[in-house]
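Here are my notes for you, written as numbered points. Keep the 3D view open and click along as you read.

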Amino acid sequence: MEQKLVSIYADLHIHIGKTSKGAPVKISGSRNLTFANIAKEAAERKGIDLIGIIDCHSPGVQQDIMACLEEGTMRELDEGGIAYRSTTILLGSEIEIREPGMGPAHLLVFFPYLDQMVDFSGWMSLHMKNIHLSSQRIYVPARVLQEEVYARGGMMIPAHIFTPHRSIYGSCSPRMADVLDLERIAAVELGLSSDSQMAGWLSELDPYPLLSNSDAHSLGKIGREYNELLLSAPSYSEFELALAGKEGRSIAANYGLDPRLGKYHRSFCSTCGTTASGDEPMIERCPGCGSKHIVRGVLDRILSIADRPMMQVPKHRPPYFNQVPLEFIPGLGPAKLDRLLEHFGTEMNILHRIPEEELARVVGQELAGWIAAARSGGLSLQSGGGGIYGKVGQ
């Protein structure tokens with residue numbers, strides 16, 4: 001019997017701040033970012049069906065997962081993943097590599113089952129200074145790491161590939177093939193300051209599925225970027241099929257910040273505060289003051305390593321929608337957002353499913369108009385850079 005496929009929303013890069021016992025995991029993450037709290041936030045407030053928690057290599061986090069399973073609040077799926085209500089959690093890890101003569105880069109890995117993650121964590125602990133913390137450097141060649149992941153039935157996805165700090169293209173190498181075995185990459189993650197159009201400058205990326213994820217360091221940031229997947233149900237095996245484009249499963253759409261809202265979209269001069277604009281990249285010096293103190297932006301970096309005279313987006317790419325998160329909407333404070341959630345259930349409902357006139361009945365026509373404009377890309381934006389988010393104009 002042919003399985004019915006449905007659209008689900010997926011955010012596959014969420015950090016854990018602390019374990020339930022208060023032990024630190026992601027130092028810069030909020031303390032309420034625990035395994036159980038993330039599951040609850042995704043299922044009940046955000047409306048995210050598939051989430052990737054990428055600090056599950058930490059032994060303290062693994063204890064929390066086991067406790068949730070033993071309590072019966074969650075269950076491990078035969079198809080891979082941990083189910084909490086209608087949301088499925090994929091068990092992941094973010095790992096830092098550094099090849100000789102290159103800068104650092106972050107990679108995401110995922111496994112279907114907890115015992116595989118525990119086994120992988122045991123291997124990593126032999127090659128890592130602190131297995132308890134997030135995003136730690138592993139002291140083995142990147143290709144050896146790939147072999148270990150795939151030998152255990154996992155997958156690898158390079159993280160936020162263009163960001164200026166700790167990414168394959170942003171700080172490591174102008175070509176992914178210089179660092180990784182291209183046959184052992186399941187997809188790539190774009191990051192907050194780029195989109196699939198910008199990826200079209202690099203021919204090396206043409207074969208790979210693109211993912212847009214939040215890289216959330218707080219509960220509120222979950223779902224600021226996400227993907228729409230066509231699956232029969234949220235699980236690891238279905239996600240794997242979607243990335244491979246098999247049996248009708250697919251990535252139906254990417255939803256992400258307009259790149260101009262990202263913190264590192266354009267290069268920024270830390271001496272005089274100039275942010276790059278136009279088609280000429282700011283790479284070595286500030287055109288305003290001549291300073292070399294440049295925080296390199298994503299677009300500027302892409303233009304400097306592009307191997308095409310103009311961007312080309314492969315026909316198999318799904319659409320990329322510039323999604324302005326609700327927290328960026330002018331005038332939508334916590335009280336009004338809570339009122340919308342009270343009426344409409346989840347943020348995904350507010351962003352995608354509720355007609356403008358129904359929103360207006362709850363928060364007024366002006367604010368409903370802002371939300372509708374965010375859906376259609378009708379908001380004016382000011383580019384971000386140098387670690388400062390862009391802004392939505394009023």
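1. Let's start with a pair of helices: which residues in α2 meet which residues in α3? On the α2 side, look for Q62, I65, M66 and L69; on the α3 side, they meet L114, M117, V118 and S121. Sorted by class, this contact has 6 nonpolar and 2 polar residues, and no charged ones. Do keep in mind that what you're looking at is a predicted model.

2. Now step back and see how those two helices sit. Helix α2 covers residues 59–71 and helix α3 covers residues 114–124; they pack at an angle of about 160°, and their axes are 11 Å apart. Angles over 145 degrees count as roughly antiparallel, so α2 is roughly antiparallel to α3. The way α2 passes α3 is a left-handed crossing.

3. Compare that with another pair further along the chain. Helix α9 (residues 334–344) packs with helix α11 (residues 356–363) at an angle of about 125°, with axes 10 Å apart. That is why α9 and α11 are oblique to each other. Their crossing is right-handed.

4. Who touches whom in that second pair? From α9, K336, R339, L340, H343 and F344 meet E358, L359, V362 and V363 from α11. By class, the α9 and α11 contact has 5 nonpolar residues, 1 polar residue and 3 charged ones.

5. Next, the inside of the protein. The largest nonpolar core has 96 residues, and F35, F120, L145, F162 and L180 are the ones with the most contacts inside it. A separate core of 20 residues lies apart from the largest one, and L108, L211, L231 and L243 are among its members.

6. Have a look at helix α7, residues 236–244, too. Its buried residues are Y236, E238, F239, L241, A242 and L243. Just after α7 comes G245, with a positive phi of about 65°.

7. Is S267 buried or exposed? S267 is buried, because its relative accessible area is 0%. You'll find S267 in the loop between β11 (250–256) and β12 (268–269). Not counting residues up to four places away in sequence, S267 touches T274, T275, A276, M282, I294, V295, R296, G297 and D300.

8. R317 sits in the loop between α8 (298–305) and β14 (320–322). Beyond residues up to four places away in sequence, R317 touches S196, L205, D206, Y208, P209 and L210. For a sense of scale, R317 and R31 are 286 residues apart in sequence and 37 Å apart in space, C-alpha to C-alpha.

9. Last one: E228, in strand β10 (residues 226–231). With 15% relative accessibility, E228 counts as buried, because the cut-off is under 20%. What does E228 touch, not counting residues up to four places away in sequence? The list is S7, I8, Y9, S250, I251, A252, A253 and Y255. E228 and S28 are 200 residues apart in sequence, and C-alpha to C-alpha they are 28 Å apart in space.

Conventions
Residues numbered from 1 in each chain as written. Predicted model: local features only at pLDDT ≥ 70, side-chain atom pairs only at ≥ 80, totals over all residues. Heavy atoms only, no water. Core = buried A, V, L, I, M, F, W, Y, C linked by side-chain atoms within 4.5 Å. Buried < 20%, exposed > 50% of the residue type's maximum accessible area, 1.4 Å probe, protein only. Axes fitted to C-alpha atoms, helices over the stretch in contact; angles between N-to-C directions. Helix = DSSP H or I, 4+ residues; strand = E, 2+ residues; numbered from the N terminus. Parallel < 35°, antiparallel > 145°, perpendicular 65-115°, else oblique. Left-handed = near helix turned anticlockwise from the far one by under 90°. Contact = heavy atoms within 4.5 Å. Nonpolar A, V, L, I, M, F, W, Y, C, P; charged D, E, K, R; others polar.
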